[in-house]
Amino acid sequence: MEQIKNDIVDYLKANSFMDNNSSLKDNDSLTQNGIIDSIGLLELMDYICEKYSIEIPEDMLTPENFDSLQGITNMITKLAK
Amino acid sequence: MRIDAYITEYAKKTPQSISLEEGKSSISYSCLDDDINAIASSLMDFNHCRFAILAESGMLYVKVLMAVYRSANIAIPLPIEFPKFSIEKILNAAHVNNIIATDTQYSKFGEDFFERFGTVIIISSSDFGKILHKKIETEKNNPELRLVLYTSGTTGTPKGVMLSDRNLAANAESIIKVLRITSRDKGALVISPHHAFGNSIINSHLVAGGSVRIGNMNFIDSAFNLIGSDVSIFYGVPSTYRILLRYPDRFKKAFSSVRTAASAGGGMDQAIVKDIRGLVPSLEILPMYGQTEATARLAYLPAEDVDEFVDTIGKAISGVILDVFDSEYKPAKPNITGELVATGDNIMLGYLDDEIATEKKIINGWLYTGDLAQKLPNGYIRLLGRKDDLIKIGDHRVNPREIERSIEENNEVSKVFVVPVHHELMGTAISLMVMPATGTEIEKLFAFCRKSLPGYLCPREILFIDHLPLSENGKISNRSIIEEYQHVKASM
């Protein structure tokens, strides 16, 4: 779990969505905090699919699964099983 | 007539009709009118003063905007999706003493941020006006000024476009005609309402007595649900359509009940049109063109001509005259490149507190759009890039868009972008960023350039990229291309 979370944070930082020194709480909204927009989310999805060799069904593209670190981590854990 | 006055009129004529929808809630014209009055009541003792609005997209934003109109003050919506320093840059340029913020934005931006304002009013869906500070100052503003929309501008300095009631109403009426909007239509607003395009969606549907469904594009699932909820007109920038088209099955299903897919904010390309046609043949595609300086819209491409003329902006909307002027401010003949100019009731009053920029932009009543254009023999207009996109390469003035087009048309590539780069002898040379297609070969591209372009245009290097170099507001310009190039180089 922690590993996945760190990977996502590293990705967000590397792709300049996020300042290097800003901290993000697990349940903070990525969209409302301006960390990511619609195009950024698509790129993040591509990254996740490739990195974890998973496919994300379209009905899972919801705020619950994508708008926070915790949501994304839970979703990956569920799909990677 | 002021835009909010149309709402009052419909509140009397069709009080129960739905005006706005968001998520699971909706509001009738009569309730919307009451809420606007409630918010406006705390603004009534200000006399034509500037009010910044810091609010996320939603019903509350529309209510606040209309309340500023109703109290006869001036609205300055802030683009909340921009980073904080950009917003501060806008605030410094706007000389604004008063702000209305939603409780969400207030906690996001923090108490300190609001110290610079004399008046701070916090709004939430349950409380229409908690006044934190109040200090009424006398302001001297253009008497017709009602709304200021900020454009980041290709140079990066924010410019405040001043619009009047007449501008807003005139452009709304023109858009209603082009899209045949009636009180039965429901428009989808998924783009930012703080800019010209989003603002025009709200205005035109409310002036027509119809409704607007407000959402966003953040989550594909909710975006498709919104489109499928009896929306009759969907509005998007080209990238909105590119995103949605990544899910062809959902696209087909959601758009099957939509009448018109309208676009603005950038040119629709052949690929998008082809994909939409393949999925939903009955859907009317209506590309539009405009500028904030023209309130929103200037031209549209009639739906029946989309397949043949998608590389043009079509013709002027009603109430607007478009022409192409040469460097002597005279109309250019067809197929001769000049600058696109426009006149009509939708042309802005000028730039806020910037008479010099205004004088350069509006000359003898004509708005100089800064877009290079040609008139086609049938009267349609083709754009050829921004005037200020012209770059000097080895002391020759060149249009990078023309070079890109010539390479794209003669080679196996998907997209080509010209990047001006420093050159020891010429001052500036070019590099190419290329989105490859199957069969793209760097050697062949070099060979073509060497053979077909003047020596000074032979690229120093050719880099492959896998996505469009879009700016933060989804547009391609020299600036966004250069930024992408720097990004690519830095990661090499």
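Strand S26 (residues 427–436) of chain B is joined to S27(B) by 3 bridges, and the two strands run parallel. Helices (H or I, at least four residues) and strands (E, at least two) are DSSP runs, numbered from the N terminus, and two strands pair if DSSP finds at least two bridges between them. The model is predicted: local features need pLDDT of at least 70, side-chain atom pairs count only at pLDDT 80 or more, and totals for chains, interfaces and linings use all residues. Residues are numbered from 1 along each chain as its sequence is written, while chains are lettered from A and ligands numbered from 1 in the order in which they are written.

S3(B) is joined to S5(B) by 4 bridges in the parallel sense, with B:Phe51 opposite B:Asn98 in S5(B). S5(B) also pairs with strand S6 (residues 119–123) of chain B, in parallel and over 5 bridges; here B:Thr102 has B:Ile123 of S6(B) as its bridge partner. Strand S5 (residues 98–102) of chain B is mostly covered, with 5 of its 5 residues buried. A residue is buried if 20 or more other C-beta atoms lie within 10 Å of its own, exposed if 12 or fewer, and partly exposed in between, with C-beta atoms placed from the backbone. The cover extends to both faces of S5(B): B:Asn98, B:Ile100 and B:Thr102 are buried on one side, and B:Ile99 and B:Ala101 on the other.

B:Arg50 is part of strand S3 (residues 50–54) of chain B. B:Arg50 is buried, with 23 other C-beta atoms within 10 Å. Leaving out residues up to four places away in sequence, B:Arg50 touches B:Ile74, B:Ile76, B:Ala94, B:Val96, B:Asn97, B:Asn98 and B:Glu139. Two residues are in contact if their C-beta atoms, placed from the backbone, lie within 7 Å.

The largest nonpolar core has 141 residues, of which B:Phe51, B:Ile53, B:Val64, B:Ile227 and B:Ala299 touch the most other members. Such a core is a set of buried Ala, Val, Leu, Ile, Met, Phe, Trp, Tyr and Cys residues joined through C-beta atoms within 7 Å. Helix H3 (residues 59–70) of chain B provides the largest share of this core, 10 residues. A second, separate core of 19 residues has B:Val398, B:Met433, B:Val434 and B:Cys449 among its members.

Helix H2 (residues 29–40) of chain B packs against H3(B) at an angle of about 65°, and their axes are 8 Å apart. The contact involves B:Asp35, B:Ile36, B:Ile39 and B:Ala40 of H2(B) together with B:Lys63, B:Val64, B:Met66, B:Ala67 and B:Arg70 of H3(B). By class, this contact of H2(B) with H3(B) comprises 6 nonpolar, no polar and 3 charged residues. Ala, Val, Leu, Ile, Met, Phe, Trp, Tyr, Cys and Pro count as nonpolar, Asp, Glu, Lys and Arg as charged, and the others, Gly among them, as polar.

Positive phi values occur in chain B. Most residues other than glycine have a negative phi. B:Ala72, in the loop between H3 and strand S4 (74–77) of chain B, has a positive phi near 60°. B:Thr295 has a positive phi of about 70°, and its place is the loop between strand S14 (284–290) and strand S15 (297–300) of chain B. B:Ala72 is partly exposed, with 16 other C-beta atoms within 10 Å, whereas B:Thr295 counts as buried with 31 C-beta neighbours inside 10 Å.

Chain A has 4 helices and 0 strands. Of its 81 residues, 21% count as buried. The contact between the chains takes 13 residues from chain A and 11 residues from chain B.

Key:
Axes are lines fitted to C-alpha atoms, for helices over the stretch in contact, and angles run from 0 to 180 degrees between N-to-C directions.
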